[in-house]
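Biologist: I am new to this one, and I would like to learn how to read it feature by feature. Could you walk me through it?

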Amino acid sequence: MSHDVEARTRSKHEYEYARKRANQGMRNQVTVFAIMIFLTFIAFAAVQAGMSAYLVAPLILLFAAVQVALQLYYFMHWSEKGHGMAQFFMYSAAFIAFTMILAFVTIIWW
Amino acid sequence: MSSTAKKKGFGATIWDYLTTVDHKKIAILYLIAGTFFFVVGGIEAMLIRIQLAKPDNDFVSAGLFNEIITMHGTTMIFLAAMPLLFAFMNAAVPLQIGARDVAFPFLNSLGFWLFLFGGIFLNLSWFLGGAPDAGWTSYASLSLASPGHGIDFYALGLQISGAGTLIAGINFLVTIINMRAPGMTYMRMPLFTWTTFVASALILFAFPPLTVGLFFMIFDRMFDANFFDHINGGNTVIWEHLFWIFGHPEVYILVLPAFGLFSEIFATFARKRLFGYSSMVFATILIGFLGFMVWAHHMFTVGLGPTANAIFAVATMAIAVPTGMKVFNWLLTIWGGNIKVTTPMLYALGFIPSFVAGGVTGVMQASAPLDYQLHDSYFIVAHFHYVIVGGIVLALFASAHYYWPLMFNQMLNETLGKITFVFFFIGFHCTFFVQHFLGLMGMPRRVFTFMGGQGWDQFNLISTVGAFLMAIGVILLVVNVIITAIKNEPAGRDPWKDGRTLEWAIPQPVPYYNFKQTPLVRGLDTFWIEKMEGNKEGMTYAEPISDIHMPNNSFIPFMISLGLFVAAFGALYHQDTDKTWSIPVLIIGLAITFASMITRSLKDDLGYHIHKEELMNEKGGKH
Ligand code: HEM
Ligand SMILES: [Cu+2]
């Protein structure tokens, strides 16, 4: 331990605040979880219903993108403070990967 | 473990370095290994220049020549320039940000040993049936057709050392994000820390494409996969893309830290705050981004089509803008400064015109139609040596002088340093300036000899003479190091008297825990601020003296790397049907690696504490 031990108890207000935040966080996660299940269900249903592939494929891709965003912002806490660096690096990586893929599909494969 | 330094025996010192996790010692390991490979690559360069000194020379055979140029390029980029930069990063960055070590000391050591074993593996090819011979770019059509095991040594060796580099890069990212001292905001970080940060981000994004490309190559050669074989539906151009998606950012991985080192040197010896600090930071980040958008400028002649060529040409030219910003900022830092021309400053002053010359030829090559003329000629060789030698190697030599007192508490001889500079600088321009003309006159690169009477003879001879002048320079530097080591005069704290950043505020020799108390950073150029306010200690502290937690030394990184080294031999000889021992060797190697990793996971290693009382007794501890 780099510092001398310091004991501290939380005040009543701090305690209540922390509890409220934890509750809020829990509610968000459950809601997001439900949304994700729902989106997955629609994706399966769309395939089952035998709709045109030109509709189903973009639909599934769109849902996938939404789910990735929900995953990152809620389950991996990007919506909270202190995740700026992680976001910056992930967005940079996505951007660079996108240019690579764009180049591959435009000048190598087709 | 006790903190009182005892005089150690030779064996104990070796063991200490084999197991160390201290960033200052790992810096020394990188310095030694990088210098070794720099000398190996340098000898290869001399052989190339001797062969090309006169027309129709037969000093080396054509096949051997191809091996020499391939190993020269590969060694210089992966095994000399990068490790030497890592040496200075390890030596300076944790101290610059006020940290006690890097974020993951164990991984720091692992990164070094992976690099070293990869490098040794690659170079053993010389003794085991021939080195790789398809150029440092190892284009697939050529390398898949290469007989023998040379290319396999290249692919496996770079895979191992590349893993080490990736680990080192991630380590610096985490260190710089998480380990900054209180008050060290991003916009107060010294520029060398900033460029290390951006270069590490480039490593993080650029090395995976290389890893993928190398795996494809390994699969193609070892298991007859067809990633790059067009006859079976593969595509040889994909290797070129993967290689350059890595390769162009790689040149910025090298040059950005060099920019950072020079920025420190300019500010120190112009005795002025770096001009345009925030624009320097911005330019560094912008160069990092643009560096990923331009790789196809190495492939203009592949036939990507006019649209793709135009897009990549414009993107490439755009990089000249932030680079130009940097050059003007350096000039304006010197402008009106109270300049002291020490050896590092001399290198820095020589760097500006040399690097600008390399940048200008770069912008010329960025123009796709012109590049059809320049591509694969000696003009390209002149360009990249102007940026690599004129930028990176000058930075490495400058920082060797600049940071020597920080790393070894000794001062390299200044007079000899200046003589070294003169030889090296004149030799450098003599070698490479004339190559521009050779290229324009049509001399292709990577040819083992040429016919006389085409007007190339004189220029080639001048180039070879220049190479010898550079060699004299390097030898003088080594002599300087030896003389300094024998004299062994302590340099003390702030030996240049003009240090601005935290690393110079620490007492010499740097204690193994770096900072007895974590410093409080009150602005850019922290140490300078404290000095100007008459603070004799050079630091304001952010905490009282308290116990310091330290990591234990570990031999495990060495073993993990050794296992991969052994396994690589198994993988390499797997193609030879007569070598039945290859599979067992592969398995034994991987077993060593995994056993070492499991030991690391299962055995708790919580490190140890240096106690408060011990710290207070330490000499210099007067609180
Ligand atoms: C203004 C900045 C720069 C521009 C516009 C530029 C442009 C180019 C272009 C267009 C080529 C390809 C030429 C060809 O093969 O036909 C090239 C090659 C090269 N450049 Fe640069 N460059 C710049 C800076 C740098 C820097 C800073 C470095 C190294 C630190 C570097 C290292 C190289 C290397 C190693 C090659 C040759 C690769 C090979 O084919 O083996 N360049 N450059
Ligand atoms: Cu490039």
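Predicted model: local features only at pLDDT ≥ 70, side-chain atom pairs only at ≥ 80, totals over all residues.

Biologist: Which side chain has an N or O atom 2.6 Å from an oxygen atom of ligand 1?

Modeller: That one belongs to H375(B). There is also Q365(B), with a polar side-chain atom 3.4 Å from a nitrogen atom of the ligand. Looking at whole elements, α8 (236–270), α11 (343–366) and α13 (378–408) of chain B each give two or more residues to the shell around ligand 1.

Biologist: How many residues are around ligand 1, and which come nearest?

Modeller: There are 24 residues around the ligand, and W136(B), D371(B), H375(B), H383(B) and R445(B) come nearest. Sorted by class, the shell holds 13 nonpolar, nine polar and two charged residues.

**Between the two chains**

Biologist: Now the place where the chains meet. How should I think about the size of such a region?

Modeller: An interface is often sized by the accessible area that is lost when its parts come together. Here, chain A and chain B bury about 1,900 Å² between them, and carbon and sulfur atoms give 78% of that area. On the chain A side, F89(A), I96(A) and I107(A) supply 29% of the area buried against chain B, more than any other three residues.

Biologist: How many residues of each chain are in contact?

Modeller: The contact involves 18 residues of chain A and 25 residues of chain B.

Biologist: How many salt bridges does the rule find across the interface of chain A and chain B?

Modeller: Zero salt bridges turn up there. The count of residue pairs in polar contact between these chains, with both residues at pLDDT 80 or more, is zero as well. As for the side of chain A that touches chain B, its residues divide into 13 nonpolar, four polar and one charged.

**Inside chain A**

Biologist: Let's look within one chain. Into which domains is chain A divided?

Modeller: Chain A has domain 1 (1–79) and domain 2 (81–110). Taken over C-alpha atoms, the centres of these two domains of chain A are 23 Å apart. Six residues from domain 1 and six residues from domain 2 of chain A take part in the contact between them.

Biologist: What area do domain 1 of chain A and domain 2 of chain A bury between them?

Modeller: About 480 Å², with 58% of it on carbon and sulfur atoms. In domain 1 of chain A, the residues that lose the most area to domain 2 are Y73(A), H77(A) and W78(A), which together make up 83% of what that side buries.

Biologist: And how many residue pairs in polar contact does the rule find across this domain interface?

Modeller: It finds three such pairs, both residues being at pLDDT 80 or more, while the count of salt bridges between the two domains of chain A is zero. The side of domain 1 that touches domain 2 has four nonpolar, two polar and no charged residues.

Biologist: Where is S141(B) found?

Modeller: S141(B) sits in helix α5 (residues 140–145) of chain B. Its side chain is joined to that of T236(B) by a polar contact of 2.8 Å. The C-alpha atoms of S141(B) and G523(B) are separated by 54 Å, and these residues are 382 residues apart along the chain.

Biologist: What about the backbone: is the peptide bond from Q508(B) to P509(B) cis or trans?

Modeller: This bond is cis, with omega near -15°. P509(B) belongs to the loop between α15 (457–487) and β1 (519–520) of chain B. Another backbone detail is N409(B), a residue other than glycine whose phi has a positive value, near 55°. N409(B) is in the loop between α13 and α14 (414–440) of chain B.

Note on methods:
Residues numbered from 1 in each chain as written. Chains lettered and ligands numbered in written order. Heavy atoms only, no water. Contact = heavy atoms within 4.5 Å. Buried area = accessible area lost by both parts, 1.4 Å probe. Salt bridge = Lys/Arg side-chain N within 4 Å of Asp/Glu carboxyl O. Polar contact = N/O pair within 3.5 Å; in protein donor to acceptor, adjacent residues only side chain to side chain. Nonpolar A, V, L, I, M, F, W, Y, C, P; charged D, E, K, R; others polar. Near = heavy atom within 4 Å. Helix = DSSP H or I, 4+ residues; strand = E, 2+ residues; numbered from the N terminus. Domains from an automatic or database assignment.
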